[in-house]
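These are my notebook entries on a single protein chain, set down in the order in which I looked things up.

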Amino acid sequence: MPTLMSAWPAVALLLPALVLLSAVVFLAKGDRRSFSYLMALLACYLVGALLMEFFVFMAARMARPGTAQAVPVLGAGTKQLLETLSNPRSIAAPPLSLPAIAAYSVLASYLWVLVSWGLHLRGKKAGSGKKKASKSSRKPAKA
């Protein structure tokens with residue numbers, strides 16, 4: 001566990017580079033299915049960032065006037081989400097807390113990328129589909 005906690009920021013920050021590299025490879029090879037799996041992963045993180053932005057905005061709206069929290073800053077929720085994802089203490093957080101869910105999402109994302117690579121490597125090669133039936137193999141129609 002101490003080794004994982006010391007390497008956690010690198011593990012969390014390597015994920016976007018791995019997703020970008022995988023997306024480029026999948027696009028270059030023309031594998032739309034694996035690329036769509038990666039886009040679904042990015043959509044999940046986009047939804048998470050938008051939710052954090054909403055929570056920060058609502059916290060600023062409900063704060064007392066004159067406090068530092070009363071002024072919402074665009075991007076503060078996304079920054080908070082990224083800091084939570086790359087924080088090594090989020091691994092040891094209590095289950096079902098926001099930091100623990102963020103840490104589990106990083107691990108689940110690596111699994112997601114692994115599955116998309118599995119789909120890519122297992123996928124059918126171009127032109128290996130079933131051969132079309134030729135006209136000579138059909139039975140002639142009866143009159």
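**Entry 1: the start of α2.** I began where helix α2 starts, and there I found a side-chain oxygen of Asp-31 that reaches to within 3.5 Å of the backbone nitrogen of Arg-33. I note here that the model is a predicted one, and I keep that in mind for every value below.

**Entry 2: the length of α2.** I then checked how far helix α2 stretches. Its 31 residues should span 45 Å at 1.5 Å a residue, and since the C-alpha atoms at its ends are 44 Å apart, the two values agree.

**Entry 3: the buried residues of α2.** Next I asked which residues of α2 are buried. I listed Ser-34, Leu-38, Leu-41, Ala-49, Met-52, Glu-53, Val-56 and Ala-60. I picked out Ala-49, which counts as buried because its relative accessibility is 12%, and buried means under 20%. I also looked at how Ala-49 lies relative to Gln-80: the two are 31 residues apart in sequence, while their C-alpha atoms are 9.0 Å apart in space.

**Entry 4: the whole chain.** I stepped back to count the elements, and I found four helices and zero strands in the protein chain, so that from the N terminus on the order reads α-α-α-α. Of the 143 residues in the chain, 25% are buried.

**Entry 5: the loop between α3 and α4.** I looked at two residues in this loop, Ser-90 and Leu-96. Are they buried or exposed? Ser-90 is buried, with a relative accessible area of 1%, whereas Leu-96 is exposed, with a relative accessible area of 75%. The side chain of Ser-90 reaches the backbone oxygen of Thr-84 at 3.4 Å. For Leu-96 I noted instead the backbone angle phi, which is near 65°, a positive value in a residue other than glycine.

**Entry 6: helix α4.** I repeated the length check on α4, which has 25 residues and reaches 35 Å from its first C-alpha to its last, close to the 36 Å expected at 1.5 Å a residue. The buried residues that I found in α4 are Ala-100, Ala-102, Ala-103, Val-106, Ser-109, Val-113, Ser-116, Leu-119 and His-120. I followed up Ser-109, which counts as buried because its relative accessibility is 3%. The side chain of Ser-109 is joined to that of Tyr-45 by a polar contact of 2.6 Å.

**Entry 7: aromatic pairs.** I searched for rings that pair, and the structure holds three such pairs, of which I describe two here. In one of them, the rings of Phe-26 and Trp-117 have their centres 4.9 Å apart and their planes at 55°, so I recorded this pair as tilted. What does the pair tie together? Phe-26 lies in helix α1 (residues 2-29) and Trp-117 in helix α4, so the pair ties together parts that are 91 residues apart in sequence. Phe-26 is buried, with a relative accessible area of 0%, while Trp-117, at 25%, counts as partly exposed.

Tyr-37 and Trp-112 form another aromatic pair, also tilted, at 6.0 Å centre to centre and with 40° between the planes. This pair links distant parts of the chain, with Tyr-37 in helix α2 (residues 32-62) and Trp-112 in helix α4, 75 residues apart. Both partners are partly exposed: the relative accessible area is 32% for Tyr-37 and 34% for Trp-112.

**Entry 8: a patch on the surface.** Last, I asked which residues form the nonpolar patch on the surface.

How values were computed. Residues are numbered from 1 along each chain as its sequence is written. This is a predicted model: local features need pLDDT of at least 70, side-chain atom pairs count only at pLDDT 80 or more; totals for chains, interfaces and linings use all residues. Side-chain values use heavy atoms; hydrogens and water are left out. Patches are made of residues with over 30% relative accessible area and no salt bridge: like charges are joined within 9 Å, nonpolar side chains (Val, Leu, Ile, Met, Phe, Trp, Tyr) within 5 Å. Accessible areas come from the Shrake-Rupley method with a 1.4 Å probe; for residues, only the protein chains shown count as cover. A salt bridge is a side-chain nitrogen of Lys or Arg within 4 Å of a carboxyl oxygen of Asp or Glu. Rings of Phe, Tyr and Trp (its six-membered ring) pair if their centres lie within 6.5 Å; planes under 30 degrees apart count as stacked, over 60 as edge-to-face and the rest as tilted. Buried means under 20% relative accessible area, exposed over 50%, partly exposed in between (1.4 Å probe, protein chains only). The expected span of a helix is 1.5 Å times one less than its number of residues. A polar contact is a pair of N or O atoms within 3.5 Å; within protein, one must be able to donate a hydrogen and the other to accept it, and residues adjacent in sequence count only if both atoms are side-chain atoms.
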